[in-house]
Amino acid sequence: MKNGSTRSLAAALCLALSFAGGAMAQALNPLAILNEGSDQKEALKVNEAIFEAIGFGNTFMVTTSEGNVIIDTSNVIAAPRHVKLLKAVSDAPIKYIILTHGHLDHTGGIRLWKNAGTQVIAQRNHVEFVNYQKRLEGFFAIRNAAQFALRQPAPIPWAGNHAATIEPTILFDDKYEFTLGGVKFEIYRTPGETPDHLTVWIPKYKAAFTGDNYYESFPNMYTLRGTEPRWAFDYIDSLDKVLSFKPDVVLPSHGRPVVGGAEVTRRLTQYRDAVQYVHDEVVKGMDAGKDVYTLMAEIHLPPALDVGESYGKLTWSIRGIYEGYAGWFDMNPATMYETPPSVAYADVVRLAGGPESVAKLAVDRIGEGKPAEALRLTDMSLAADPSNRAALEARLKALEMLRENCHNSNERGWLEYGIGVAKSKLAAR
């Protein structure tokens, strides 16, 4: 983004795409995600003072008699539209910008809103978190381009460990508050989606701005692009804090407002209890000596706690919780060494009669409705012969079967990536 460079914009988009959640997860292609809210003609009026611009990362404006407050600034593509929509409501000076966390779909419009006297507020962990994102900028750009069918970026040189631009002018630890135009704003540290996450509470309106700690799917407690651990107890404690305010309206940064005290309590309680249930079942299984794959297969949310899996997914979260506690070692001495399992695949395939024999077995598994097992078999077959047609065709069928039954946007992105790779290899034979 800096200096308007194309490379930086592409990197920002790649990062921001994977950091979004909630309602946008219903979209199954990058253009739909980036265009979310593009048909909005005027800002959504939540009440007499709170207005929302909808997008791939919502932007909120709270108006007061002494100036306005912006909560989150969306991504670099949506931000100019959000500025236009919200300034049509009020073009009073922006006194404060509050960032619920440092993901780029929340920080992409800071400079469009920031005036000479504007204060930018973030939780103190924001500094390390944006440095973490910058530190791994090239890694994330590659992963996100794959997941969202974007052009693979040119290599991004490592910028160093502490190279991020720090926009906030006010950093706080656990709580910060200010009053503007007679409206009191209370800001609380509420880690969950990120370690720098915060919630904005406005007592006058009984309104809580919850960032990405709540959206209409099980939380993305482990994201396939890779992430620092997202701790279950952080989500639980932070949701409890929001519930303690007894809000009448919750405004998530993805998705639409939740209105009505009873509905807010129902949804946030269900969400908190779903996270608690999955966490506890994983820990019980660990204490019983069960391996992570067994737990991924066994643990399911009871119907009363089923919050959907359109963005986060239980199996990924189960493994994230397990390995967050225990790390990667699975008690198998073979995994202690730098030799990957794939080094044995070619020998096994040769003993099994060659790549075609293993590919045929993969096709059989597809016929039995076991496409994930078929993928494992094609891994082995292609290790022996990377351009084997039978194996590539079996892999393509398995991926397409998984896509047909997929209802999760992140999962679908990676399946589409795998399908594209398989088709490219077939075309290159």
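My cut-offs were under 20% relative accessible area for buried, over 50% for exposed and in between for partly exposed, with a 1.4 Å probe and protein chains only. F140 is buried, at 1%.

The model is predicted, so local features need pLDDT of at least 70, side-chain atom pairs count only at pLDDT 80 or more, and totals for chains, interfaces and linings use all residues. Residues are numbered from 1 along each chain as its sequence is written, and side-chain values use heavy atoms, with hydrogens and water left out.

**Aromatic pairs**

I looked up the ring pairs next and found 14 in the structure. Rings of Phe, Tyr and Trp (its six-membered ring) pair if their centres lie within 6.5 Å; planes under 30 degrees apart count as stacked, over 60 as edge-to-face and the rest as tilted. Why is the pair of F139 and F140 edge-to-face? The ring centres of F139 and F140 are 5.5 Å apart and the planes stand at 65°, so the pair is edge-to-face.

I then checked W414 and Y417. Their ring centres are 5.6 Å apart with planes at 85°, so this pair is edge-to-face. Both residues lie in helix α16 (residues 409-427), three residues apart, about one turn of the helix. Helices are DSSP runs (H or I, at least four residues), strands likewise (E, at least two), numbered from the N terminus. I noted the general rule: an α-helix has 3.6 residues a turn, so residues three or four places apart point the same way. W414 is partly exposed at 22%; Y417 is partly exposed at 38%.

I also logged one aromatic cluster, formed by Y96, Y176, F178 and F185.

What lies over the face of F140? I found R225 there, at 4.8 Å from the ring centre. The test is NZ of Lys or CZ of Arg within 6 Å of the ring centre and within 35 degrees of the ring normal.

Helix α7 (residues 137-147) is mostly covered, with eight of its eleven residues buried. Among them are F140, A141, N144 and A145. After α7 comes A149, with a positive phi near 55°.

**Nonpolar cores**

I turned to the cores. A nonpolar core is a set of buried Ala, Val, Leu, Ile, Met, Phe, Trp, Tyr and Cys residues joined through side-chain atoms within 4.5 Å. The largest has 35 residues; F218, L268, V278, V282 and I318 touch the most other members. Helices α8 (232-244), α9 (261-287), α10 (292-298) and α11 (314-326) each supply at least two residues of this core. Which helix gives the most? α9 does, with seven residues.

Not counting residues up to four places away in sequence, I318 touches V278, V282, L295, M296 and I299. Contact here means heavy atoms within 4.5 Å. A second, separate core has 24 residues, including A49, F172, F209 and L251.

**R272**

I placed R272 in helix α9. The R272 side chain makes a polar contact with the side chain of D240, at 2.7 Å. A polar contact is a pair of N or O atoms within 3.5 Å; within protein, one must be able to donate a hydrogen and the other to accept it, and residues adjacent in sequence count only if both atoms are side-chain atoms. Leaving out residues up to four places away in sequence, R272 touches I236, L239, D240 and L243.

**Strands**

I finished on the strands. Two strands pair if DSSP finds at least two bridges between them. Strand β1 (residues 44-45) runs antiparallel to β2, joined by two bridges. L44 stands opposite E52 in β2. Four residues lie between β1 and β2 in their hairpin. From β2 (residues 50-53), I50 and E52 point one way, F51 and A53 the other way, and all are buried.

β2 also pairs with strand β3 (residues 59-64), antiparallel over four bridges. A53 has T59 as its bridge partner in β3. Their hairpin has five residues between the strands, and G57 takes a positive phi near 105°.

What is the order of the six-strand open sheet? I read β8-β9-β10-β11-β12-β13, with mixed pairing. The edge strands, β8 (175-180) and β13 (258-259), each pair on one side only. β9 (residues 183-189) and β10 (residues 198-202) run antiparallel, joined by four bridges. R189 has L198 as its bridge partner in β10.
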